[in-house]
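Q: I would like a close look at one part of this model, taken slowly and with the residues named. Please keep to what can be read from the coordinates.

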Amino acid sequence: MAALRGAPVDRVPVSLWLHNFATENSAETLAAETVRLAGRFEWDFLKPQSRAQCFAQVWGLRYTPSRERATPYTVTHAPLATAEDLRRLEPADPKAGALGEQLRALGIIRKAVGADTPIIWTVFSPLMVLPFLLTGGRAQAIALLRSDPAAVDHALDAMAVTLEAYAGAAVEAGADGLFYATNMATQELSTAAECRRFQRPYDLRILGRVQQAPFNVLHVCGAGVLFDEFTDYPATALSWATVPGNPSLADGHRRTGRAVVGGLPAKPDIASLAPAEIEARGRRAIAEMRGRFLLLGPDCSINPDTPDDVMGAATAATL
């Protein structure tokens with residue numbers, strides 16, 4: 001928490017996050033895997049990796065689970081196909097179904113790790129959830145927001161109502177804040193005007209619900225992110241990929257005044273790098289930020305089959 005404030009720390013805090021596609025399909029196995037990894041690598045804060053499709057499940061997405069750690073799930077039914085389908089979307093119960101299961105996992109994890117380990121709980125932006133619901137995925141989502149913005153607004157509003165309540169329930173269940181993510185705010189996918197129309201109002205409603213929480217992280221995923229659209233969001237810290245075209249850690253902190261989460265590579269690169277390279281990158285990030293306003297972590301989630309010695313090297317970088 002001192003690192004979030006930019007205060008002196010004994011060492012920079014560190015954590016990693018990754019899917020385990022075989023264990024993420026129930027509250028109990030998700031919690032058990034989260035607690036196992038936290039203990040094995042002595043992470044200072046936890047970002048439990050909820051299955052990505054859980055947000056769309058409450059509106060009818062169906063999938064076949066994977067039995068393999070590094071093999072993703074298979075979608076068997078996407079519930080929306082047309083703009084008329086978007087107009088029929090209604091808010092869902094944030095404590096029922098897949099979302100209720102996620103809250104149950106959070107409660108188990110909180111009980112297992114105690115009160116002193118910060119937990120940030122994943123919530124996707126409504127605009128990020130939309131492609132999961134559509135038969136045409138991301139391409140159809142972009143086409144619809146340009147051809148029938150009113151229908152998209154209706155659907156995003158229904159999702160925002162649900163996810164705002166879910167965010168509040170997560171903090172009530174023991175989360176110290178959100179890991180609030182979007183992967184639609186890149187130059188390839190959106191204009192700045194579209195970001196302001198279809199991203200910002202719904203994001204601010206959800207983040208506003210938990211703005212008193214001490215540890216809200218905003219994650220803007222991808223290359224060429226529209227970073228300036230997010231600099232005033234009510235988040236404690238920001239996370240993004242420090243790849244060409246995106247700000248550096250130091251520049252992101254300068255432009256927002258907030259702490260930053262990053263410094264380590266994400267999938268697919270991290271799993272093939274030597275432990276010494278991971279440790280070196282971590283130390284360079286710490287030096288760049290002079291040990292302040294930094295939580296060492298990956299640019300995005302890491303490979304499910306990342307070797308233990310590579311994950312251990314991230315912790316070693318902070319010692």
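How many bridges join strand 4 to strand 5, and do the two strands run parallel or antiparallel? Please describe the sheet around them as well, together with the helices and charged pairs that go with it.

A: The model is a predicted one, and all that follows should be read with that in mind. Strand 4 and strand 5 are joined by four bridges, and the two strands run parallel. Within this pairing, Ala181 has His219 of strand 5 as its bridge partner. Strand 4 also pairs with strand 3, again in the parallel sense, here over five bridges, and on this side Ala181 of strand 4 stands opposite Phe124. Strand 4, which spans residues 177-182, is mostly covered, six of its six residues being buried.

These pairings belong to an open sheet of six strands, in the order 3-4-5-6-7-8, with parallel pairing. The edges are formed by strand 3 (120-124) and strand 8 (294-298), each of which pairs on one side only. From one strand to the next, the twist averages 25 degrees. Further along the order, strand 6 (residues 237-240) and strand 7 (residues 259-264) pair in the parallel sense over three bridges, and Ser239 has Val261 of strand 7 as its bridge partner.

Helix 12 (residues 275-288) touches strand 7 and strand 8, and its direction makes about 150 degrees with that of strand 7. Helix 10 (residues 200-209) touches strand 3 and strand 4, and the angle between its direction and that of strand 4 is about 170 degrees.

Turning to the charged pairs, a search of the whole structure finds 21 salt bridges. One of them joins Asp228 to Arg255, with an N to O distance of 2.5 Å; this pair links distant parts of the chain, since Asp228 lies in the loop between strand 5 (217-220) and strand 6, while Arg255 lies in helix 11 (residues 249-256), 27 residues apart. Arg255 counts as partly exposed, at 31% relative accessibility. The side chain of Arg255 also meets that of Asp251 in a salt bridge of 3.0 Å, N to O, and these two residues both lie in helix 11, four residues apart, or about one turn of the helix. Through shared partners, salt bridges join Asp228, Asp251, Arg254 and Arg255 into one network.

The axes of helix 2 (residues 27-41) and helix 5 (residues 97-113) come within 8 Å and cross at roughly 35 degrees, and the crossing is right-handed. Among the contacting residues are Glu28, Leu30 and Val35 of helix 2, and Arg104, Ile108 and Val113 of helix 5; by class, the contact has nine nonpolar, two polar and three charged residues.

Definitions and conventions. Residues are numbered from 1 along each chain as its sequence is written. This is a predicted model: local features need pLDDT of at least 70, side-chain atom pairs count only at pLDDT 80 or more; totals for chains, interfaces and linings use all residues. Side-chain values use heavy atoms; hydrogens and water are left out. Axes are lines fitted to C-alpha atoms, for helices over the stretch in contact, and angles run from 0 to 180 degrees between N-to-C directions. A crossing is left-handed if the near helix is turned anticlockwise from the far one by less than a right angle, and right-handed if clockwise. Contact means heavy atoms within 4.5 Å. Ala, Val, Leu, Ile, Met, Phe, Trp, Tyr, Cys and Pro count as nonpolar, Asp, Glu, Lys and Arg as charged, and the others, Gly among them, as polar. Two strands pair if DSSP finds at least two bridges between them. A salt bridge is a side-chain nitrogen of Lys or Arg within 4 Å of a carboxyl oxygen of Asp or Glu. Buried means under 20% relative accessible area, exposed over 50%, partly exposed in between (1.4 Å probe, protein chains only).
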